[in-house]
Amino acid sequence: MAVELYKAIIVGPPNVGKSSLVRRYQKGEFRDGYTATVAADLSVSQFDFPEGKVVLTIVDIGGQETFAGLRNRFYEGAHHLILVYDATSRSSFEKITPLYEALTEKICIQREHFLGGSLVANKCDLDGELEVTEQEGRLLADLLTLEFFMTSALTGKNVPELFHFAAAESMRLRRAS
Ligand SMILES: Nc1nc2c(ncn2[C@@H]2O[C@H](COP(=O)(O)OP(=O)(O)OP(=O)(O)O)[C@@H](O)[C@H]2O)c(=O)[nH]1
Ligand SMILES: [Mg+2]
């Protein structure tokens, strides 16, 4: 059976939980402490669909400003974009639109060959501390034509669904093009 290879990039401001989402998905674990991702981390996941196997490379890009110049290098050739904010941080939500615009401006992620993506509201386990409503998140996702997920790397809520969508949507969009 054919194997299809896709690349997903996971992008967002620092400290929103990008690496934690990947760690939860890949290893089924969660860590409390924060270690900023230096430049980027790569991992690979496999998915079995009725149509065939998908191998998804997940590029987890460090959000710190120091890596701003480097980031563009990792965008190249991406099939799927996962944009993450922290639902307990209004300022992280406000950085999503400029980040999205910067991404789409780059040669490698122009709308016509940039395929699919999701907007992710992470840290949804912190009920009492939410600074961004679900409705605001959904509105922005609609505006940017992204799927919307409310996740928690701590509890694992919607984490498999997020990465499964990335693989399935990459496959679907390639077939549709
Ligand atoms: N309560 C809660 N804390 C979380 C969640 N996800 C991540 N965290 C915490 O948030 C902090 C930042 O998580 P990281 O995954 O390192 O954030 P990041 O987006 O990869 O940060 P950069 O690599 O600097 O871009 C850590 O202290 C995590 O333990 C979550 O879903 N719920
Ligand atoms: Mg990280």
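**View 1. The shell around ligand 1 in the predicted model.** Ligand 1 is surrounded by 24 residues. The closest are Gly 17, Ser 19, Ser 20, Thr 37 and Gly 63. By class, the shell holds 12 polar, seven nonpolar and five charged residues.

**View 2. Helix 1 at ligand 1.** Helix 1 covers residues 18–27. This helix supplies three residues of the shell, the largest share.

**View 3. Helix 1 against helix 6.** Two packed helices are described by the angle between their axes and the distance between them. Helix 6 runs over residues 159–176. The axes of helix 1 and helix 6 come within 9 Å and cross at roughly 90°. The two helices are therefore roughly perpendicular to each other. Helix 1 brings Leu 21, Arg 24 and Tyr 25 to the contact. Helix 6 brings Val 159, Pro 160 and Phe 163. Five residues of this contact are nonpolar, one is charged and none is polar.

View 4. The chain has six helices and six strands.

**View 5. The chain as a whole.** The C-alpha trace spans about 45 × 35 × 30 Å along its principal axes. The radius of gyration is 15 Å; a compact globule of 177 residues would have one near 16 Å, so the two agree. Of the 177 residues, 37% count as buried. Among contacts between residues at least 6 apart in sequence, 73% join residues at least 24 apart.

Notes
Residues are numbered from 1 along each chain as its sequence is written. Chains are lettered from A and ligands numbered from 1 in the order in which they are written. This is a predicted model: local features need pLDDT of at least 70, side-chain atom pairs count only at pLDDT 80 or more; totals for chains, interfaces and linings use all residues. A residue is near a molecule or strand if its C-beta atom, placed from the backbone, lies within 6 Å of it. Helices (H or I, at least four residues) and strands (E, at least two) are DSSP runs, numbered from the N terminus. Ala, Val, Leu, Ile, Met, Phe, Trp, Tyr, Cys and Pro count as nonpolar, Asp, Glu, Lys and Arg as charged, and the others, Gly among them, as polar. Axes are lines fitted to C-alpha atoms, for helices over the stretch in contact, and angles run from 0 to 180 degrees between N-to-C directions. Angles under 35 degrees count as roughly parallel, over 145 as roughly antiparallel, 65 to 115 as roughly perpendicular and the rest as oblique. Two residues are in contact if their C-beta atoms, placed from the backbone, lie within 7 Å. The radius of gyration is taken over C-alpha atoms; the globule rule is 2.2 Å times the number of residues to the power 0.38. A residue is buried if 20 or more other C-beta atoms lie within 10 Å of its own, exposed if 12 or fewer, and partly exposed in between; C-beta atoms are placed from the backbone.
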